[in-house]
Amino acid sequence: MPRLPLLFIALYFAFGGISHFANPQFFTAMMPDYLPYHAELVAITGVFELLGAVGILLARTRLAAGYCLIAFMLAVLPVHIHMSVNAQHFSDIPALVLHFRIALQFVFIAFVWWAISPERKSENIIQKTVK
């Protein structure tokens, strides 16, 4: 049985991943112009979110999935910044929410880091005993 934080992370990313396919036009609209292939990037990020959601639940892949989800959140941070800086283009979302999302992204990164801490600690123990 997974720990409750891991279940929360899995549900969060599963919902996000499914949303990429259920409502792709919402996600393509938030893509900065300097990124090419908006539809393809939305699909790829949706797949990554779904893989991360499953991976975080499996003990064997949890640590790698946690690191990948953190990298993923850092990789999509420019999209959140783009939306915040260009809030006038996203009038259906309050500007305060767009700004808060950036801070929340860092909180969620820390949450994932904390949630995988037992695996990180056990990996460090294994590495120390191997040396």
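Guide: The lining of the largest pocket comprises 22 nonpolar, seven polar and two charged residues. In this division Ala, Val, Leu, Ile, Met, Phe, Trp, Tyr, Cys and Pro count as nonpolar, Asp, Glu, Lys and Arg as charged, and the others, Gly among them, as polar. The model is a predicted one, in which local features need pLDDT of at least 70, side-chain atom pairs count only at pLDDT 80 or more, and totals for chains, interfaces and linings use all residues. Residues are numbered from 1 along each chain as its sequence is written, and side-chain values use heavy atoms, with hydrogens and water left out.

The volume of the largest pocket is about 840 Å³. A pocket here is an open set of points on a 1 Å grid over the protein atoms alone, where a 1.4 Å probe fits, with protein on both sides within 12 Å along at least five of seven lines; lining residues have an atom within 4 Å of a point. The volume is the space filled by probe spheres set on the points. Of the 31 lining residues, H20, F27, E49, V76 and H80 are the closest to the centre of the pocket. Two or more lining residues come from each of α1 (4-22), α2 (24-29), α3 (38-55), α4 (62-85) and α5 (95-115). Helices are DSSP runs (H or I, at least four residues), numbered from the N terminus. With seven residues, α4 gives the most to the lining.

R62 pairs with E119, their closest N and O atoms being 3.0 Å apart. Because R62 lies in helix α4 and E119 in helix α6, this pair ties together parts that are 57 residues apart in sequence. Both R62 and E119 are buried, that is, under 20% relative accessible area, whereas exposed means over 50% and partly exposed in between (1.4 Å probe, protein chains only).

E119 forms a salt bridge with R3 too, with the closest N and O atoms 2.9 Å apart. Since E119 lies in helix α6 (residues 117-130) and R3 in the segment before α1, that pair ties together parts that are 116 residues apart in sequence. R3 counts as partly exposed, at 32% relative accessibility.

Conventions
Salt bridge = Lys/Arg side-chain N within 4 Å of Asp/Glu carboxyl O.
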